[in-house]
Amino acid sequence: MVSVTPSILVTSVLNPNMRVFDVAMRTEYGTSYNSYVVIGSEKIALIEAAHADFLDVYFAHLDEALEGRTPDYLVLNHTEPDHTGTVAALLERYPELKIVISRSGALFLKSIVNRDDLDCLIVSDGEVLDLGERSLQFICAPLLHWPDTMFTYCPEERTVFTCDFLGSHYCEPDTFDVKITYPAAYLSSAKHYFDSIMSPFSPAVRCGLDKVRALDVDYVCVSHGPILTRGCELERQIARYSKWATETGAGAGAGAGATGGSSCVPLRVPVFFCSAYGNTAALAEHIATGIRAALAGATVELYDLIEYDLAELRALMNASDAFALGTPTVNRDALGVVWELLAGIEGINFAKRPVAVFGSYGWSGEGVPHVVERLASMKAAVFEQQLRVKFVPTAADLAAAEDFGRQFAATITAAP
């Protein structure tokens with residue numbers, strides 16, 4: 001049995017073969033579902049549960065940790081199914097188990113286990129649960145990355161359980177960061193993890209970092225990936241998150257220069273496009289020229305969707321202050337790669353994002369209006385003009401494209 005301290009035992013489940021998490025997130029290095037047992041002199045608390053697919057393994061680890069004892073509490077730092085998949089089975093095995101959870105988490109959990117008779121202890125920020133010689137303090141940390149997220153801190157053991165925060169989808173047999181065999185792979189997975197689930201909530205990330213820094217901790221027990229220890233990855237991961245949250249938070253859908261953010265941070269206005277015969281590409285180039293002319297100092301780059309990694313472009317799209325998107329029309333629709341890009345929209349922060357749509361077409365030209373409809377459904381601030389050019393753009397069309405870019409840029413600077 002692996003222990004963090006003599007009073008904190010690890011009941012984690014390893015899943016090294018997972019390659020896709022929650023449908024859309026790649027996990028090249030697998031993952032772990034971390035859970036823990038905190039043993040006081042009077043009471044025992046389980047911290048987190050596990051994914052339902054690993055019920056038998058989880059119970060085997062739990063039995064080893066408990067050694068015949070009965071747990072009193074189950075602390076759920078948030079209710080995402082990979083954390084709560086074994087809750088129903090735990091309640092069957094331990095019917096007197098009291099669930100310690102945030103108020104919003106309790107509402108979610110009822111729908112996850114489909115029970116209205118849950119024995120929940122609703123805790124608020126700063127509340128303390130006494131286990132006898134060990135205590136648990138609960139720290140609200142909403143939007144990291146669910147509304148119900150909280151941290152659990154055991155001051156006597158200088159340990160904080162941070163749920164998904166500061167974690168990674170990275171699986172090695174050893175539990176702690178001091179034995180990471182492939183540091184470059186770990187760093188890559190940690191960055192992808194941040195980009196995928198934390199970057200939309202950069203203000204909450206910065207707040208969460210302040211809360212962790214305010215604690216006296218030697219161990220950060222995350223829900224996925226290696227446990228972080230002082231003197232090893234703990235300080236480094238905090239520094240990384242601080243850097244990443246600053247980078248994404250500067251624009252990250254907030255419209256840094258457009259909506260009252262720091263004027264020292266250049267606006268990011270990428271121009272995405274795909275082009276079958278170079279016609280939409282020509283429009284993109286002139287639109288970018290117009291945007292640059294109207295927004296001095298803005299970062300305005302062209303990105304052919306066929307030439308770049310789509311995951312990188314999705315991250316860039318979500319971190320932009322505004323963007324333009326061009327597509328030809330094929331079979332009365334936008335190209336598939338355009339829909340793949342838009343499938344990566346982070347809906348939480350996308351509302352009011354200034355977006356302009358353009359494209360060349362041959363017969364009917366439905367691609368642009370279809371994309372406009374999709375963006376409008378996501379509450380984007382879609383530029384009211386749509387630039388559509390039939391077949392090869394003329395010199396007048398290209399001049400109109402440049403003017404289109406300038407007019408679109410004016411809506412960005414005028415955004416509320």
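Guide: Two residues are in contact when heavy atoms of theirs lie within 4.5 Å. Keep that in mind as we look at this predicted model, where local features need pLDDT of at least 70 and side-chain atom pairs count only at pLDDT 80 or more, while totals for chains, interfaces and linings use all residues. Residues are numbered from 1 along each chain as its sequence is written, and side-chain values use heavy atoms, with hydrogens and water left out.

Visitor: Which residues does Y241 touch?

Guide: Leaving out residues up to four places away in sequence, Y241 touches F165, L166, G167, Y193, F194, M198, V205 and L209. Y241 also belongs to the largest nonpolar core, where L90, F165 and Y241 touch the most other members. That core has 64 residues, and helix α5 gives the most to it, with seven. Apart from it lies another core, of 27 residues, including L283 and F404.

Visitor: What makes a set of residues a nonpolar core?

Guide: The members are buried Ala, Val, Leu, Ile, Met, Phe, Trp, Tyr or Cys residues, joined through side-chain atoms within 4.5 Å. Buried means under 20% relative accessible area, exposed over 50%, and partly exposed in between (1.4 Å probe, protein chains only). Buried residues make up 55% of the 416 residues in this chain.

Visitor: How do you know how α5 compares with its expected span?

Guide: The expected span is 1.5 Å times one less than the number of residues. Helix α5 covers residues 183-198, which is 16 residues, and reaches 21 Å from first C-alpha to last, close to the 22 Å expected. Among its buried residues are Y193, F194 and M198. Helices (H or I, at least four residues) and strands (E, at least two) are DSSP runs, numbered from the N terminus; the chain has 13 helices and 23 strands.

Visitor: Is L107 buried or exposed, and how do you know?

Guide: L107 has a relative accessible area of 55%. The cut-off for exposed is over 50%, so L107 is exposed. L107 sits in helix α4, residues 103-113.

Visitor: What makes L107, F108 and I112 a patch?

Guide: Patch residues have over 30% relative accessible area and no salt bridge; like charges are joined within 9 Å, and nonpolar side chains (Val, Leu, Ile, Met, Phe, Trp, Tyr) within 5 Å. L107, F108 and I112 form such a nonpolar surface patch, of about 250 Å².

Visitor: Why is the meeting of D403 and R406 called a salt bridge?

Guide: The term asks for a side-chain nitrogen of Lys or Arg within 4 Å of a carboxyl oxygen of Asp or Glu. D403 and R406 have an N to O distance of 3.6 Å, so the pair qualifies. They are three residues apart in helix α13 (residues 395-413), and are therefore separated by about one helical turn. D403, at 31%, is partly exposed, and R406, at 33%, is partly exposed too.

Visitor: How many salt bridges does the structure hold?

Guide: There are 17. One of them joins R332 and E366, at 3.9 Å from N to O. This pair links distant parts of the chain, 34 residues apart: R332 is in the loop between β20 and α10, and E366 is in the loop between β21 and α12. R332 is at 62% relative accessibility, so R332 counts as exposed. Elsewhere, R158, D216, D218, R230 and E235 are linked in a network of salt bridges.

Notes:
Accessible areas come from the Shrake-Rupley method with a 1.4 Å probe; for residues, only the protein chains shown count as cover.
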